[in-house]
Amino acid sequence: MFKYAVKRVLRGYKLFIALTIGVLIATTFFSSMIVSADVMTKEALVNALEDLDYDARVSANNVTWSNQNFTDLKALMEDMSDVLSADVYNKYTYNHNASRGESFDIVGADPQSTLWNTFEHINGSVSLAANETWVVASSTNASLLSAGEIIQTSIPVMTTEFPYFSFVEINLTIAGFIDIPLQTVRLLNPAQIIDLGFIQFEIGDWRTYDLLIVDWESTIRPVIQWFDQQENVTSMVMSSGFLCRLDRDVLVNPYDVGASAANIADTLARVEDRTAHFNTKVTNLVGTTLQMLSFMSGILILAFVSLAAPIIFMSWYSSTMLSDVSYNLRRREFGLLQTKGFGPKTIKRMLMFEGAIIGLIGGVTGLFFGTAIAHLILDVSMETPFVALSANPINTAVIIGFGLIIALWSVRGPADRAAKLAPLDSLKQYIFIEEQREYKNLLPRIALLLGTYKIVVWILGISMQTLLATAMSSGFIVLIAVALWTPVDALLNFIGPILFLYGLTKILLSGSQKFQAFVVRVGGRFFGAFGALATRNVQRNPVRNAALVFTVALIVSYGLFSVGSLFAEQDRLERTNLYYVGSDVSASFLTGSDMTEIQESVLTFEGVTDLTVEYRLTMTSSRGGVDIRGIEPTTWTEAAFYETGWFSGAVLEDVLSNFTGNKIILSVSLARQLELRVGNSITLRGTDSSDLHRMDIVALIGYVSPVEDLMSDMVGEFAFGGTYPSYVPYDYLNETGLEDISTGHLLMKTILGTNGTLLEEEISVAFPEVVDTDSTTTRVAASQENTFEVGGTRARWVGILFGGVLAVVGTLLVVGLTLKEKEYETTLLGVRGFTREQTLKVLAGEVLVMVLFSLLLGLLTGFIQLFGDIANVSENTQILVRPRIVLSPLAVLGMAGIAIAVLISALIPVLMTSRFTEDKVDILRE
């Protein structure tokens with residue numbers, strides 16, 4: 001049986017190539033997404049480790065080590081195979097002025113260590129002698145010290161005699177100033193760690209520090225030696241330890257962050273075990289980084305696999321259809337095998353073995369192609385194919401296994417039906433295997449109902465999270481019902497459009513025939529009497545044509561969705577950057593700054609066209625803090641970024657034309673909580689409980705769902721939530737004195753092409769009172785440096801590419817094999833005197849019209865899916881910027897390209913099949 005299966009694959013290679021292509025497309029895309037996540041994580045890990053000079057800290061656990069302890073510990077750790085070096089350090093505190101809280105941490109480091117090499121000399125001595133120190137110039141209190149100054153420091157010493165403590169005095173001379181990079185700051189001024197087991201979090205601001213550096217060998221070791229000689233001392237109040245570098249080449253596999261984290265944890269456990277008798281405490285310095293990257297890698301894989309899911313589904317469905325067609329073409333073979341003693345189970349095993357061969361070929365080939373595409377996506381050079389493929393053997397096994405599964409899954413159903421084919425039926429020319437099962441209407445109707453439900457929910461803007469929260473106060477039964485339905489609703493967010501398309505295709509199959517008959521009548525001059533023949537051919541095999549319509553429509557809908565979602569996401573990111581900045585460029589200033597003078601100066605800067613000031617402060621209501629922004633209406637509309645769709649309850653232009661006095665554009669989320677509407681008033685508190693401000697609501701700002709807009713009095717609680725600012729006139733802040741507690745945010749509109757980052761630098765230099773600056777240029781540059789963000793965007797482009805490939809290849813295969821199944825009939829037409837033009841009319845009336853119907857369904861479903869994706873993102877968005885459908889010329893061109901590719905791909909098999917050659921006569925002899 002297996003030997004025959006291999007021979008059959010080799011003899012009928014054309015059909016098997018067609019089946020392999022479908023599996024190959026799915027496996028290649030799946031592979032490229034999985035490997036992309038791995039490569040992105042690898043790049044992020046390599047970059048992160050470059051910023052970490054050490055992997056572990058081995059510190060004294062509330063004890064003071066002797067001089068011999070230090071020597072023994074260093075030798076012990078460096079003798080371990082996975083430890084490259086152990087650099088000693090000590091740290092104690094120097095109180096410069098205790099009454100003002102001015103203090104420094106004095107760190108002793110080895111001049112031969114990696115740590116020492118990170119110091120950048122600024123001025124003074126380039127080396128340290130005994131009892132000399134460098135000041136880290138970026139320290140908060142660095143200005144309190146000067147070169148040549150002598151400071152008196154002391155290390156507390158615990159003793160066994162009253163008063164049980166004393167001090168070791170060390171006079172240090174300031175030898176100069178140095179600078180240190182951020183990774184060194186993290187080492188010398190570590191943040192506190194909260195360890196949750198599966199992940200660690202840092203708390204505290206480690207960027208605020210005061211540091212002095214001394215030579216451990218010449219300044220600290222003598223103190224340790226003095227301590228060794230004392231009999232009545234127990235310890236010194238001074239932290240001690242070693243900073244260790246591990247063999248990352250051995251322990252870290254950049255393609256497997258989880259295993260790398262485990263390797264380092266195991267190594268540090270051995271270090272702790274070997275040094276435990278010295279009372280050590282071992283801290284993993286790379287654990288947080290590895291855990292975070294491992295978490296991000298998991299999120300990426302889920303995101304990328306969800307991106308690949310439609311391609312996988314379409315490839316599986318088209319492969320299943322191709323299997324049906326190919327097995328139908330081989331039905332005589334199956335009949336002959338049965339006469340030779342092959343039973344149904346044997347035939348099915350043979351076909352499944354053929355599917356396994358296809359799966360292995362598709363899986364291995366897809367692994368190679370996907371790996372190459374992944375490196376191309378991320379613009380990362382591939383070391384060698386062997387290294388790239390063997391770096392993560394689990395992924396390799398998963399990808400090849402995926403190819404096997406999708407191939408076996410595609411042939412399982414058709415193989416089962418083919419194996420049960422009666423020998424007598426195998427001799428008939430027009431028996432179709434799938435006709436043995438009854439055409440059922442229940443499943444399509446359920447699919448259409450669920451898909452339609454999801455579309456209605458999207459249109460009305462109903463949030464299941466909000467609905468679930470509301471149900472908690474509506475009774476136990478309602479709560480249980482909503483809670484049980486919520487995960488179903490979440491699943492329908494992804495499969496709803498597909499269910500809608502599937503149900504609509506099956507139910508409207510007769511509609512497709514009517515559509516075809518309509519097109520035939522309209523195109524009577526082209527089709528003539530042959531249109532009626534084509535219509536009868538379609539009616540004769542509704543199941544096969546439904547599968548053709550569904551497959552092509554699914555391909556079209558994914559192509560439109562992938563193009564539309566990419567441009568919608570790019571548009572959302574651009575608008576989000578503008579929203580957070582407030583305009584093209586922004587700068588915030590200290591409270592009390594003269595914003596009028598600043599505006600006059602900034603207007604002279606090159607590239608600035610318009611500017612305005614938003615005065616920001618926090619007031620309080622009965623529901624807590626309210627983000628208030630004071631604006632000058634005429635200048636705000638010229639310079640600030642806003643969208644008229646944010647506002648409701650009144651026309652924005654009318655509101656701003658008379659926006660003075662105690663008026664407020666209130667956050668719609670606060671209005672919902674307090675059941676306030678336009679025309680009502682709200683009381684806010686300013687500086688204290690007695691500073692009351694009665695504000696008249698003239699408009700609302702924030703997202704309002706369609707259902708709330710139509711039926712706000714009854715079902716307003718279904719609206720999406722969000723955090724939105726409220727706007728008041730600037731003159732009101734000025735008159736009431738609230739301007740004095742406001743922070744001025746300068747918003748600047750610039751000429752297209754202006755470098756906002758350079759403008760930020762100019763503002764920072766020109767105005768010492770500036771607190772912070774921001775620009776869309778800076779944000780875009782930061783996103784382009786983010787490996788994960790860049791990779792995600794490029795992965796979407798690859799999704800579009802695969803959508804285009806599937807549109808061409810999938811349509812070619814589905815239509816081509818469908819016509820291959822009719823090759824006997826088309827040959828017979830030629831033998832009976834049909835010209836090529838007449839045959840072409842029959843095939844065009846039968847196939848192309850079905851494809852046109854598929855295009856209509858695909859266009860409808862694609863826009864529904866795009867609308868649903870936008871609704872899902874909006875449901876989880878808490879800011880004013882919401883995604884929207886973008887029909888830019890490039891987006892429309894991409895969508896049209898998918899449709900044109902499908903049409904051309906369907907036309908090619910029709911043109912090829914309409915040809916009559918002598919070779920086709922052999923078909924009649926079979």
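Buried here means under 20% relative accessible area, with over 50% counted as exposed and values in between as partly exposed (1.4 Å probe, protein chains only). The views show a predicted model, in which local features need pLDDT of at least 70, side-chain atom pairs count only at pLDDT 80 or more, and totals for chains, interfaces and linings use all residues. Residues are numbered from 1 along each chain as its sequence is written, and side-chain values use heavy atoms, with hydrogens and water left out.

**View A. The stacked pair of F30 and F402.** The rings of F30 and F402 lie 4.1 Å apart centre to centre, with 20 degrees between the planes (ring centres of Phe, Tyr and Trp, the last by its six-membered ring, pair within 6.5 Å; planes under 30 degrees apart are stacked, over 60 edge-to-face, the rest tilted). Because F30 lies in helix α2 (residues 13-50) and F402 in helix α13 (residues 393-419), the pair ties together parts that are 372 residues apart in sequence. F30 counts as buried at 8% relative accessibility, and F402 is likewise buried, with a relative accessible area of 15%.

**View B. The edge-to-face pair of Y579 and W646.** The centres of Y579 and W646 are separated by 5.8 Å, and their planes by 90 degrees. Y579 belongs to helix α20, whereas W646 sits in the loop between α22 (633-639) and β17 (647-648), 67 residues apart (helices, H or I of at least four residues, and strands, E of at least two, are DSSP runs numbered from the N terminus). Both residues, Y579 and W646, are buried.

**View C. An aromatic cluster.** One aromatic cluster is formed by W65, F70, W216 and F242.
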